[in-house]
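Work through the exercises below with the sequence and the model open. Try each task before reading its solution.

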Amino acid sequence: MAQTQDITAMMKEMMGAFPVDTKAMEDAFKTTATMNEKLSAVALEAAEKSTELSATWTKDTLSKLADMSKAKAEPADYAKAMTDFASGQAEVAAENMAAFAEIAKKVQMDTVELLMAAGKDFSEDATAAMKKATDEMTATAKKATAAAK
């Protein structure tokens, strides 16, 4: 009767020939976690600034609406109040849109900066991991060659 091979032992032996560097995995995880923390900080800062800007804009608008809605002595004063409110709102809207654009621009610049730094870190980590894996595979191949002789 033919002897059946022990698949479990064969798999263990095969996996042992391809060592896994858990430190490299841990370092990659830490690098990713750090980058996510920094990206979250950028997003939260932008959200905070946007919220402050929106709140200020809303308060100013409500204040100007209160002024516009006050009783006037002459009908022409209502038209002037509406015109002043509309032109003031157009000016404030342009200013606030520019402020929102500045917030978005800062987010974009900070994100690109973080991604470039992370790319450099990942590249260095990958290069080190590949060199170590290559060295280990070479050593394993040498051992296997020596054992076969």
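A salt bridge is a side-chain nitrogen of Lys or Arg within 4 Å of a carboxyl oxygen of Asp or Glu. The model used here is predicted.

**Exercise 1.** Find what joins the side chains of aspartate 110 and lysine 106, and state where the two residues lie.

Solution.
- Step 1: The N to O distance between these side chains is 2.7 Å. The cut-off is 4 Å, so aspartate 110 and lysine 106 form a salt bridge.
- Step 2: Both aspartate 110 and lysine 106 belong to helix 3, and four residues, about one turn of the helix, separate them.
- Step 3: An α-helix has 3.6 residues a turn, so residues three or four places apart point the same way.
- Step 4: Lysine 106 has a relative accessible area of 34%, which means it is partly exposed.

**Exercise 2.** How many salt bridges does a search of the whole structure find? Describe two others by distance and accessibility.

Solution.
- Step 1: The search gives five salt bridges.
- Step 2: One of them joins lysine 49 to glutamate 45, at 3.1 Å from N to O. These two residues are about one helical turn apart because they are four residues apart in helix 2.
- Step 3: Partly exposed covers the range between the buried limit of 20% and the exposed limit of 50%. Lysine 49, at 34%, is therefore partly exposed, and so is glutamate 45, at 32%.
- Step 4: Aspartate 67 and lysine 70 also meet in a salt bridge, at 3.6 Å from N to O. Aspartate 67 is partly exposed at 43%, and lysine 70 is partly exposed at 48%.

**Exercise 3.** Compare the span of helix 2 with the expected span, and list its buried residues.

Solution.
- Step 1: Helix 2 contains 47 residues, and the distance from its first C-alpha to its last is 68 Å.
- Step 2: At 1.5 Å a residue, 69 Å is expected, and the span of helix 2 is close to that.
- Step 3: The buried residues of helix 2 are Thr31, Met35, Val42, Ala46, Leu53, Thr61 and Met68.

**Exercise 4.** Count the aromatic pairs and classify what you find.

Solution.
- Step 1: Ring centres must lie within 6.5 Å to pair. By this rule there is one aromatic pair.
- Step 2: In this pair, the ring centres of tryptophan 57 and phenylalanine 100 are 6.4 Å apart and the ring planes are at 45°, so the pair is tilted.
- Step 3: The pair links distant parts of the chain, with tryptophan 57 in helix 2 and phenylalanine 100 in helix 3, 43 residues apart.
- Step 4: Phenylalanine 100 has 21% relative accessibility, so it counts as partly exposed.

Definitions and conventions:
Residues numbered from 1 in each chain as written. Predicted model: local features only at pLDDT ≥ 70, side-chain atom pairs only at ≥ 80, totals over all residues. Heavy atoms only, no water. Phe/Tyr/Trp six-rings, centres within 6.5 Å; stacked < 30°, edge-to-face > 60°. Buried < 20%, exposed > 50% of the residue type's maximum accessible area, 1.4 Å probe, protein only. Expected span 1.5 Å × (residues − 1).
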